[in-house]
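Student: I have a two-chain model to study. Can we work through it by question and answer?

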Amino acid sequence: MEVVSQEIPLEHFVMLSMVLFSIGVYGVLARRNAVLILMSVELMLNAVSINLVAFAVYTAPSLFVGIIFAIFVITIAAAEVGLALAVVLRVFRNRGTSNVDEVNALKW
Amino acid sequence: MTQVFFDIMAATIIGGALGVVLIRNVVHAALFLIMSLMGVAGVYILLSVEFLALVQVLIYGGAVAVLIIFALMLTRVGELKQKLDGDQRPLAAVAALTLLGAFATVMYKTTWPRDPGQLTVVPFDTIGTALFNRWAVPFEVASGVLLVALVGAVVLAMQEEGER
């Protein structure tokens, strides 16, 4: 495996990932459209992936478990997006809205 | 030089993410999401994981972006002017900032290695070999998950008899 010297410290990647994750949390909590919430979830998943890959590359390069994990995260995220959008479509067809606060049939 | 590239990518990612959560037009939010995710692909290249960068562009820039824009089109949220944020917006900001503060505290208390050290480039074939040997079972399970999700999505989105 080729080794290159690295200029950027690990904590820069961690900082980027933590800011991205917080923005995603804000989006999930503040938005009321289901598709926009899903987009914020994607941001959070990507923040986690950056973190996994950065730690894998910096701390355990011979194992690169984090890279494999990131591949699985992307796979599951793709499946999740497909399913969630199908659910959103079904909710929209049945109730005429995709706003999560208007879908309150289970609310007492 | 690398640092400059990292800063550009970080600005792209954070700017795109802020666009996703703040902007009032849903289609623009989707475009900002693509921008942010492509920035993440750039970060993967910086981390010398080219395979993940390619996968990121293919899956997020291609499949997920198209899916999301399709869903926006089919649910027609762009047509009518409506509030995209709930009333809990200030609380959400407080929660997100608290989380950020907690992360920052943990980061501040951690001692990071002063020298960035060296970075190992993991070649494609090594990842492939590992994926099909050591991680073969999770790989197969993931393909099963994808199949189930595919069938489930088709069943959910299918128009039932007598519906409209």
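This is a predicted model: local features need pLDDT of at least 70, side-chain atom pairs count only at pLDDT 80 or more; totals for chains, interfaces and linings use all residues.

Student: In what order do the elements of chain A run from the N terminus?

Tutor: Chain A has three helices and one strand. Read from the N terminus, the order is β-α-α-α.

Student: What is the radius of gyration of chain A?

Tutor: Begin with the box. Along the principal axes, the C-alpha atoms of chain A fill roughly 55 × 25 × 20 Å. A compact globule of 108 residues would have a radius of gyration near 13 Å. For chain A the value is 18 Å.

Student: What pattern does chain B follow along the sequence?

Tutor: Chain B has six helices and one strand. Along the sequence the pattern is α-α-α-α-β-α-α.

Student: Why is chain B called more spread out than a compact globule, and what is its radius of gyration?

Tutor: The C-alpha trace of chain B spans about 65 × 45 × 30 Å along its principal axes. For 164 residues, the globule rule gives 15 Å. Chain B is well over that, so it is more spread out than a compact globule. Its radius of gyration is 21 Å.

Student: What percentage of the residues of chain B count as buried?

Tutor: Take chain A for reference. There, buried residues make up 55% of the 108 residues. Chain B has 164 residues, and the buried part is 23%.

Student: Now the interface. Which element gives the largest share of the side of chain B that touches chain A?

Tutor: The contact joins 71 residues of chain B to 64 residues of chain A. Elements giving two or more residues to the chain B side include H1, H2, H4 (89-109) and strand S1 (118-121) of chain B. The largest share is 11 residues, and it comes from H3(B).

Student: How many residues on that side of chain B are nonpolar?

Tutor: Sort the side of chain B that touches chain A by class. Two residues are charged and 12 are polar. The nonpolar count is 57.

Student: H3(A) packs with H3(B). Are they roughly parallel or roughly antiparallel?

Tutor: Two numbers describe such a pair: the angle between the axes and the distance between them. For H3(A) and H3(B), the axes are 10 Å apart and the angle is about 5 degrees. Angles under 35 degrees count as roughly parallel. Therefore H3(A) and H3(B) are roughly parallel.

Student: How many nonpolar residues does the contact of H3(A) with H3(B) have?

Tutor: On the H3(A) side, the residues include Ile67(A), Leu85(A) and Phe92(A). H3(B) brings Leu52(B), Ile59(B) and Leu74(B), among others. The contact has no charged residues and two polar ones. The nonpolar count is 18.

Student: At roughly what angle do the axes of H1(A) and H1(B) cross?

Tutor: The axes of H1(A) and H1(B) come within 9 Å. Residues in the contact include His12(A) and Tyr26(A) of H1(A), with Phe6(B) and Val21(B) of H1(B). By class, the contact has 14 nonpolar, two polar and no charged residues. The axes cross at roughly 10 degrees.

Student: Which element gives the most to the largest nonpolar core?

Tutor: The core has 74 residues, and Val35(A), Met39(A), Val53(A) and Ile67(A) touch the most other members. Both chains supply it: the helices giving at least two residues include H1 (10-30) of chain A and H6 (136-157) of chain B. The top giver, with 17 residues, is H2(A).

Student: Is Met39(A) buried or exposed?

Tutor: Met39(A) is in helix H2 of chain A. It touches residues of chain B, including Val20(B), Leu33(B) and Ile68(B). The cut-off for buried is 20 or more C-beta neighbours within 10 Å. Met39(A) has 29 inside 10 Å, so it counts as buried.

Student: How far apart in space are Met9(B) and Tyr44(B)?

Tutor: Met9(B) is in helix H1 of chain B. Beyond four places away in sequence, it touches Gly39(B), Gly42(B), Val43(B) and Leu46(B). Tyr44(B) is 35 residues from Met9(B) in sequence. In space, C-alpha to C-alpha, they are 10 Å apart.

Definitions and conventions: Residues are numbered from 1 along each chain as its sequence is written. Chains are lettered from A and ligands numbered from 1 in the order in which they are written. A nonpolar core is a set of buried Ala, Val, Leu, Ile, Met, Phe, Trp, Tyr and Cys residues joined through C-beta atoms within 7 Å. A residue is buried if 20 or more other C-beta atoms lie within 10 Å of its own, exposed if 12 or fewer, and partly exposed in between; C-beta atoms are placed from the backbone. Helices (H or I, at least four residues) and strands (E, at least two) are DSSP runs, numbered from the N terminus. Two residues are in contact if their C-beta atoms, placed from the backbone, lie within 7 Å. The radius of gyration is taken over C-alpha atoms; the globule rule is 2.2 Å times the number of residues to the power 0.38. Ala, Val, Leu, Ile, Met, Phe, Trp, Tyr, Cys and Pro count as nonpolar, Asp, Glu, Lys and Arg as charged, and the others, Gly among them, as polar. Axes are lines fitted to C-alpha atoms, for helices over the stretch in contact, and angles run from 0 to 180 degrees between N-to-C directions. Angles under 35 degrees count as roughly parallel, over 145 as roughly antiparallel, 65 to 115 as roughly perpendicular and the rest as oblique.
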